[in-house]
Amino acid sequence: MSSEFDEIIQEFLIESFESLEQMENDLVTLERGEDSESAIASIFRAIHTIKGTCGFFGFTNLELLSQASEDLLALLRGGGLEVSKATIDALLQTHDVTRDLLERIRDTGGDTGIEIGELAAKLGALAKGEAQPAPEPVEVHEPSTDAASAREPATGSMPSKVPEPAVETATLMGDDLAEIVGEFLAESFEALDQMEQDLIKLEKHPDDAETVARIFRTVHSIKGNCGFLGFEKLIRISHLGENLLNLIRSGSATVTRAEADGLLALADAMRSICKNIESDGMEGSVETTFLAQQLEALIATASMEEAAPPGQGTAPAKPASPSPKKKAAKKAVSPEPQSLVKRPSGSETTVRVDVRVLGELMNLAGELVLVRNRLRQMALDSRDSQWHDITASLDVVTTGIQAEVMKTRLQPIRTVWSKFPRIIRDLSSSLGKNIQCVVEGDDTELDRAVMEAIKDPMTHIIRNCVDHGIEAPDVRRAAGKVVQGTVRLHAYHEAGGVVVEITDDGGGIDPHKIRASAVAKGILTKAEADRLSDQDAQHLIFHRGFSTASAVTNVSGRGVGMDVVKSKIEKIGGIVDIHSEVGVGTKLRMCMPLTTAIIPVITVDVAGQVFAIPHVNVVEMVRLGAERMGSLLDKVEGASALRLRGRIMPLIRASDVLGIETESDGIAQVNWLLVLQAGAERFVIIVDAIIDSVELVVQGVDELFADIGVYTGAAILGDGSIALVLDMAGLAAQVHLETSRQIDDEQESLNAATVAGELIKVLLCDLDATEKVTFPLDTVMWLDRVSGSQFDHVGGQTVARIRGETISVFDLAAMRVSTDVSDWVAKRPAQDAEEHVVVVGYDGRRVGLRVHAVLDTMTCVLDPAGADSARASLGCVMVDERFVDVVDIAQLIDRAKGGFIEQLDRSQGRRP
Amino acid sequence: MSARPTAETQRVHIATFHIADHLYGVPTHAVEQLISARPLAPVPLAPKQLVGLINVRGRVVCSICLRTYFGLSAEDVPEEQVFLILRTGTGLVCLIVDKMSDVVTVEERKIERTPDEIKGLVSGTVSTNEGLVLLLDPQKVLGL
């Protein structure tokens, strides 16, 4: 009992005040004699809604008054009465008094103390006195329109008796009617969403009077409205629903599975019909007979029970007699009418605003940001401190406006989530599972556009959780888990974005099954699958055409889905990740930006032009000197690749991807690299400079350059110039075409080695004119061309001064064939000659090895069978179909250690 | 654009301009504004007629050069071209023209509409005192 009830009343008040305002306008229209039919329709609807609701809350005066005016309006509408000055006066007076009553309810929680008798009598007299032969027999207090059934919701009268105002609908065609229907639909959809949630709640807590009340109210108001609009099927089923709810409310029926199912089916049917109406104005062919029977059966059962009344003395004699209902409702309200007093009326603190207006405001705020940016730029260039002050203030204001406007576009995630408990309930019961839904942080707000984008993906994920994630009850029991499974939805703000987590405590994703499935589907080979880590295997569910459900059910498991989920989330700049533990559960995590209109980007310079790269795609920014760059650079079958932190990634020059001609081509002195992520693809682009990190208002691109595929839009920079925003997916596709195939092969062979043999990265050199040799790349410190003048003899061995260090240089060829230490010493070359020296390191020592020429780096599978300590070989690798030794540096250095190196160390004053 | 209500005498105002050897026209109501030539931000990989982007009061607008589209020689390009900003259904587009000419008023019925089957950029023609005017459809300019 609680604030929730207050909330219902608050809502009622807000709506009622709004309808009253509309009513006033309509009355004025009516008086002018324009468009009277739709005006009457609108007034009737306003009054009817107020009546339906307040009757339920037990606001007797208000109900009485609205009943009287409704009767009058029904006559006006049916043509049984002409609109006259007197009727309009009376209706205007009704309007005023109704307002008074509402205000009183707002202030005191009740509607007593305002005299309405006279007015009601006046209305009655008008209706009676001037009643003329009408299309249907008219009785003042029993007009046999839908209003009758609304007033006496549970008389059990069969729906077929409800007369059809459909003819009227036809005469009312036009914008006004369309508007009324539109409003009706919008309200109904909203109400149905709420109803679904309430029903789920009710199933859990069957005694919750407030929830029953709210559901009743929903059904009732839909019934009332559609009755007026002539939607017959809706009337019929909502009428039955109302009857059933009434029985529940009075305590004659209890909410069991059957009732909940029936009412949920009702909500569905109502929704389908509303959707049909939305699309073509007709109710369409929604099957309601079965539903009607179902509801009737439930009502019959309940009524029978009632006939043999249970022990409670409070049980009403007749299910629908209004008085006990009112009392019951009043009881529910009375405990805290005081709390209403403190709150200002909702109608004064909220307004409805057209979404388009908000959109326009958003655009203007965006432009304001641009103007601010330009001004700031000018201020920075100016020496006048006043400029700085002004722009600083403007800055504050602009940021504020932007933030507030953004807020108007935010909606709580609840709007999307509200339907999930229902989905989970229905799915789990159809699958014979017992699953509860726990929701946390459903008031977390995010942008409408983002909301729209994640709606379907989330539904899909939830279906997956229920279908594949959570085990059948017996399985759970056998595993020693709680029989009831849990699906947890959790949303929260983090780092300027929104995180949504969907967790289930089901069986988790078994990586072995995934691997097997991937192999069976031909997505991976057996070997490829085996070398995936468990985490990577789990990520395979995002692979196109992947589904692990052992049986394809109608719920999910058609293998379309998770890849779509991923691409949809990524499209709005979000990221999806999955963590799953077998037997424990699965957590899906989505991180999304708050909004899609303003995005943080990195601006880069490519051949003098500015491009923007969204932050979310940037994994890392790297600045490399020429040498380091050279050492990390790889050529894989002609395509460039970069080794960085254990990954081989395609490397591409931004100017090449974009087809801009530039002079610079090789490795520059300083290289700016961005490691970018687009989906699963990671790649590196080289830009000429990284300029700034800014927030830009991205404008959509015209179709003309949407076709190009590498831009998501353009934005105006602080100086008024234009930056193109790069589309990572498009760019990745472009890069992929050029390089990725080889890189993939490379990475595969890299991965393959972990299974078939150790994979090794080597430096290939010519040992002499005939033999090649390789060095493990991780032992290579650097490669140098050393001119003869850098060489020297120290204590019988050759040393070279390389990069400021004195390094012993040995002749590798000699070292491998001779055991005589003195043979190893590299010949001192002629002064003007140049030698290739590979400087290797091991155990803190550096040794130079003279080779004939340095050829390439590559990744190979090491065959340890070829190991030979005499040649200081770790094994061999295949290069161009020939076996080549991999030099065992450790052994080599150890060999040299006893001899020359220590000698050298001593001569340099170093300790061994 | 219509000065008279009746169909027979309905008049259309057409802003005419020169591109290379031809006189073109667009309905005046489709003209947002004229601006003098300014530097364009190029769009790499774009179709050749999309010669760049300009900033029109905070909006990014595509600039279309028909000379490039038609593959005309660049030799006789006047030094000061004019940027004609047109309204399309979805936004703005900038047409680069050699020189603006007069606004002419013609009767609707005098316009020879291009048959629908071959309707493209040029929606019709009309002869004026200045010569034959090729009427451009602003909607189509972007869809080239």
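Helix α17(A) supplies the largest share of a nonpolar patch, three residues. The model described here is predicted. The patch lies on the surface and consists of A:L368, A:V371, A:V396, A:V397 and A:I401. Together these residues have about 400 Å² of accessible area. Two elements of chain A each give two or more residues to the nonpolar patch: α16, residues 355-381, and α17, residues 385-408. One member, A:V396, belongs to helix α17 of chain A. A:V396 has a relative accessibility of 61% and therefore counts as exposed, because the cut-off for exposed is over 50%.

A:E21 sits in helix α1 of chain A. Its relative accessibility is 48%, so A:E21 counts as partly exposed. This class covers values between the cut-off for buried, under 20%, and that for exposed, over 50%.

Salt bridges were then examined. Over all chains, a search of the whole structure finds 22 of them. One joins A:R271 to A:E196, with the closest N and O atoms 2.9 Å apart. This pair links distant parts of the chain. A:R271 is in helix α11 (residues 257-280) of chain A, while A:E196 is in helix α8 (residues 175-204) of chain A. The two residues are 75 residues apart. Both A:R271 and A:E196 are buried.

A:E471, A:R476, A:K481 and A:D505 are linked in a network of salt bridges. A:R476 has 1% relative accessibility and so counts as buried. A:E471 has a relative accessible area of 13%, so this residue is buried too. Both values fall on the buried side because the cut-off is under 20%. The side chain of A:R476 also meets that of A:D505 in a salt bridge, at 3.0 Å from N to O. The pair A:R476 and A:D505 links distant parts of the chain, 29 residues apart. A:R476 lies in helix α21 (residues 473-478) of chain A. A:D505 lies in the loop between β5 (497-504) and α22 (511-520) of chain A. With a relative accessible area of 22%, A:D505 is partly exposed.

A further loop of chain A holds A:A607. The loop runs between β8 (598-606) and β9 (609-614) of chain A. A:A607 has a relative accessible area of 36% and is therefore partly exposed. A:A607 and A:I660 are 53 residues apart in sequence. In space, their C-alpha atoms are 7.3 Å apart.

Chain B has 144 residues, of which 46% count as buried. The chain contains two helices and eleven strands. From the N terminus on, its elements run β-β-β-β-β-α-β-β-β-β-β-β-α.

Strand β11 of chain B, residues 131-136, pairs with two strands described here. Strand β2(B), residues 22-27, runs parallel to β11(B), and three bridges join them. In β11(B), the residue opposite B:Y24 is B:L134. Strand β10(B), residues 122-128, pairs with β11(B) in the antiparallel sense. Six bridges make up the pairing of β10(B) with β11(B). Here B:T128 stands opposite B:G131 of β11(B). A hairpin of two residues joins β10(B) to β11(B).

Definitions and conventions
Residues numbered from 1 in each chain as written. Chains lettered and ligands numbered in written order. Predicted model: local features only at pLDDT ≥ 70, side-chain atom pairs only at ≥ 80, totals over all residues. Heavy atoms only, no water. Patch = residues over 30% accessible without salt bridge, like charges linked within 9 Å, V, L, I, M, F, W, Y side chains within 5 Å. Areas by Shrake-Rupley, 256 points an atom, 1.4 Å probe, with all protein chains shown as cover. Salt bridge = Lys/Arg side-chain N within 4 Å of Asp/Glu carboxyl O. Helix = DSSP H or I, 4+ residues; strand = E, 2+ residues; numbered from the N terminus. Buried < 20%, exposed > 50% of the residue type's maximum accessible area, 1.4 Å probe, protein only. Pairing = 2+ DSSP bridges.
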